[in-house]
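The following report describes one protein structure for a reader who meets it here for the first time. It begins with the pairing of strands and then turns to helices and single residues.

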Amino acid sequence: AAKHAVENALGDFAKKSFCDASISLLESLGYRSEKRLPLSPNTAKTFRAQFENDRKLNADNALLDHWQSVDFLFQLTGDEIQASSQGNFAFEGKGKYNNTVIESYLFFAIALKNSEYTRTQLSGITREINKLFRMPAMLLFRHGDTLTLSIIPRRLHKRDESKDVLEKVTLIKAIRIADPHRAHIEILFDLSLAELHEQHHFTNWSELQAAWQTTLDSSELNKR
């Protein structure tokens, strides 16, 4: 049923707005939150006005002139994860794992104007956006008739705990909206909250991020 829900949610991209369909897809994976902040209009300019402060985006690396729209889907905190688990597992939010401290997660959806982008380009945008925030941001890109999901792990700076070091970006690239590849459905299902907990028994954000990372790790995907 869960895989079917993922498939249905992908079908929604043909019918709903990109923002609403993105929220439905994440909800089909067990990630739900009412902590939203609509960007109006949902342009790169509004995004910068809202989120740039002492840290600035590099417009070239972020491919800003390719953004057709950007939506802040929601912020997920420990309370929402606890609620989604329906008491099936304990989630304490904070907690250090692998020298990482994370207290919440952000989700954004960005529609890009071309149908094809390289891994390097999509990684560049992911890195630039994550530089702006103290908490990690997962991105869902739409390009042409496909979606790419992107995350970047972060760990604490060895000498300065207020600084984070961004590591290598991991992508599930070019998920076809109309006729998704079976393996893509499987991977998305493996990223669902319940399935991840079943496999990795995470208790805090940093462990959850590590579980996402393991699931998305390219060698794992290649074995599929």
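L106 has A137 in β5 as its bridge partner. This model is predicted, so local features require pLDDT of at least 70 and side-chain atom pairs pLDDT 80 or more, whereas totals for chains, interfaces and linings use all residues. Residues are numbered from 1 along each chain as its sequence is written, and side-chain values use heavy atoms, without hydrogens or water.

**The sheet.** Strands β4 (residues 104–112) and β5 (residues 137–143) run parallel and are joined by seven bridges. Strands (E, at least two residues) and helices (H or I, at least four) are DSSP runs numbered from the N terminus; two strands pair if DSSP finds at least two bridges between them. The open sheet consists of five strands in the order β1-β4-β5-β6-β9, with mixed pairing. Its edge strands, β1 (67–77) and β9 (170–176), each pair on one side only. On average, neighbouring strands of this sheet are turned by 15° against each other, direction ignored.

Contact means heavy atoms within 4.5 Å. Axes are lines fitted to C-alpha atoms, for helices over the stretch in contact, and angles run from 0 to 180 degrees between N-to-C directions.

| Helix | Strands touched | Angle of directions |
|---|---|---|
| α2 (residues 18–28) | β1, β4, β5 and β6 (146–151) | about 35° with β1 |
| α8 (residues 205–216) | β1, β4, β5, β6 and β9 | about 40° with β4 |

**The α1 and α2 pair.** The axes of helix α1 (residues 2–11) and α2 come within 9 Å and cross at roughly 175°. The two helices are therefore roughly antiparallel, a term for angles over 145 degrees. In this contact, A5, V6, A9 and L10 of α1 meet S24, L25 and S28 of α2. The residues of the contact divide into five nonpolar, two polar and no charged.

**Two buried residues.** S150 lies in strand β6 and is buried, with a relative accessible area of 0%; buried means under 20% (1.4 Å probe, protein chains only). L196, in helix α7 (residues 193–200), counts as buried because its relative accessibility is 0%. L196 and W212 are 16 residues apart in sequence and 7.6 Å apart in space, C-alpha to C-alpha. Leaving aside neighbours within four places in sequence, the contacts of L196 include Y31, F202 and W212.

Methods
Buried < 20%, exposed > 50% of the residue type's maximum accessible area, 1.4 Å probe, protein only. Parallel < 35°, antiparallel > 145°, perpendicular 65-115°, else oblique. Nonpolar A, V, L, I, M, F, W, Y, C, P; charged D, E, K, R; others polar.
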